[in-house]
Amino acid sequence: MTTAESVILEVPDTAAAQSFYDAFGVGDRVSVRASETPTTGFRGHTLSLVVSQPNIVDAFVDAALEAGATVLKPVKKSFWGYGGVVQAPDGAIWKVATSSKKNTGPATREIEDLVLLLGVEDVKASKQFYVDHGLEVSKSYGRKYVQFTATPKKLTVALYGRKALAKDAGVAAEGSGSRRIIITGDGAPFTDPDGFTWETGLA
């Protein structure tokens, strides 16, 4: 079975990006690589921090904003839980969320799951492509959402319709150029139908 190991963000200024991600609290979960490849608008993906309770959401979002992120969707309660969306100075979009609506302990800033959501044109076709490349489906909701089996404490990869993902992130769906993201895994390198690139080995 092929699994994702980590994610590399391509950024114009690696020192500034690493400083931001260290302050945000995810510096040990993502890597950065220099890139000046043009990119405009929505890059077709978001990263999500899944945490256990609302005060941890607040802690991560506050840290991101203090380090220079901007708000795309303010933190708030909803029928599914509590969360918000911010955009890093390098342009990457981050959602921080919990399914819990109550705090049961201190804001430890522990991450339960790091999820990379890929916005794709055809969820069913992309799902089959990934299955053919050795990934195992753990959750599937027809043509709307697919999540692949992940190694604990590594990276969870999921598929979502591009327009739906953009709406969830609070941005327009239009965009072109570089994805500015690389996924590392334990299988052979490949590029998926939507242009997302997988490399072999850890960053």
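Let me start with E10, which is buried and yet has no salt bridge. The nearest side chain of opposite charge is R33, and it is 4.0 Å away. This is a predicted model, so please keep that in mind for everything I say. E10 sits in strand β1, residues 4-11. Which residues does E10 contact, once we set aside its neighbours within four places in sequence? They are R33, S35, S178, R180, I181 and I182.

So what does R33 pair with in a salt bridge? Its partner is E199, with N to O at 3.1 Å. This pair links distant parts of the chain, since E199 is in strand β15, residues 197-200, R33 is in strand β2, residues 30-34, and the two are 166 residues apart. Both count as partly exposed: E199 has a relative accessible area of 27%, and R33 is at 30%.

How many salt bridges does the structure hold? Four. I have shown you one of them, E199 with R33, and I will go through two others.

One is between K154 and E5, at 3.6 Å from N to O. K154 lies in the loop between β10 and β11, and E5 lies in strand β1, so this pair ties together parts that are 149 residues apart in sequence. Is E5 buried or exposed? At 18% relative accessibility, E5 counts as buried, because the cut-off for buried is under 20%. K154, with 31%, is partly exposed.

The other joins D168 and K95, whose closest N and O atoms are 3.2 Å apart. D168 is in helix α4, residues 162-169, and K95 is in strand β7, so parts 73 residues apart in sequence are tied together. K95 is buried, at 17%, while D168 is partly exposed, at 26%.

Next, two backbone points. R109 is not a glycine, but it has a positive phi of about 60°. You will find R109 in the loop between β7 (93-98) and β8 (113-120), and with 32% relative accessibility it is partly exposed. K153 is also not a glycine, and its phi is positive too, about 70°. K153 lies in the loop between β10 (145-148) and β11 (156-161). Its relative accessibility is 67%, so K153 counts as exposed.

Now look at S176, in strand β12, residues 175-177. What does S176 touch, not counting residues up to four places away in sequence? It touches T39, T40 and F42. The C-alpha atoms of S176 and F42 are separated by 7.4 Å, although the two residues are 134 apart along the chain. S176 is partly exposed, at 45%.

Last, the chain as a whole. It has four helices and 15 strands. For 203 residues, a compact globule would have a radius of gyration near 17 Å, and this chain has 16 Å, which agrees. The C-alpha trace spans about 45 × 35 × 30 Å along its principal axes. Of the 203 residues, 47% count as buried. Among contacts with a separation of 6 or more, 64% come from residues 24 or more positions apart. The accessible surface is about 9500 Å², and carbon and sulfur atoms make up 52% of that. There are 22 positive and 23 negative charges, and their mean positions are 9 Å apart.

That is all from me.

Notes: Residues are numbered from 1 along each chain as its sequence is written. This is a predicted model: local features need pLDDT of at least 70, side-chain atom pairs count only at pLDDT 80 or more; totals for chains, interfaces and linings use all residues. Side-chain values use heavy atoms; hydrogens and water are left out. Buried means under 20% relative accessible area, exposed over 50%, partly exposed in between (1.4 Å probe, protein chains only). Lys and Arg count as positive and Asp and Glu as negative; His and the chain ends are not counted. Contact means heavy atoms within 4.5 Å. The radius of gyration is taken over C-alpha atoms; the globule rule is 2.2 Å times the number of residues to the power 0.38. Accessible areas come from the Shrake-Rupley method with a 1.4 Å probe; for residues, only the protein chains shown count as cover. The place of a charge is taken as NZ of Lys, CZ of Arg, CG of Asp or CD of Glu.
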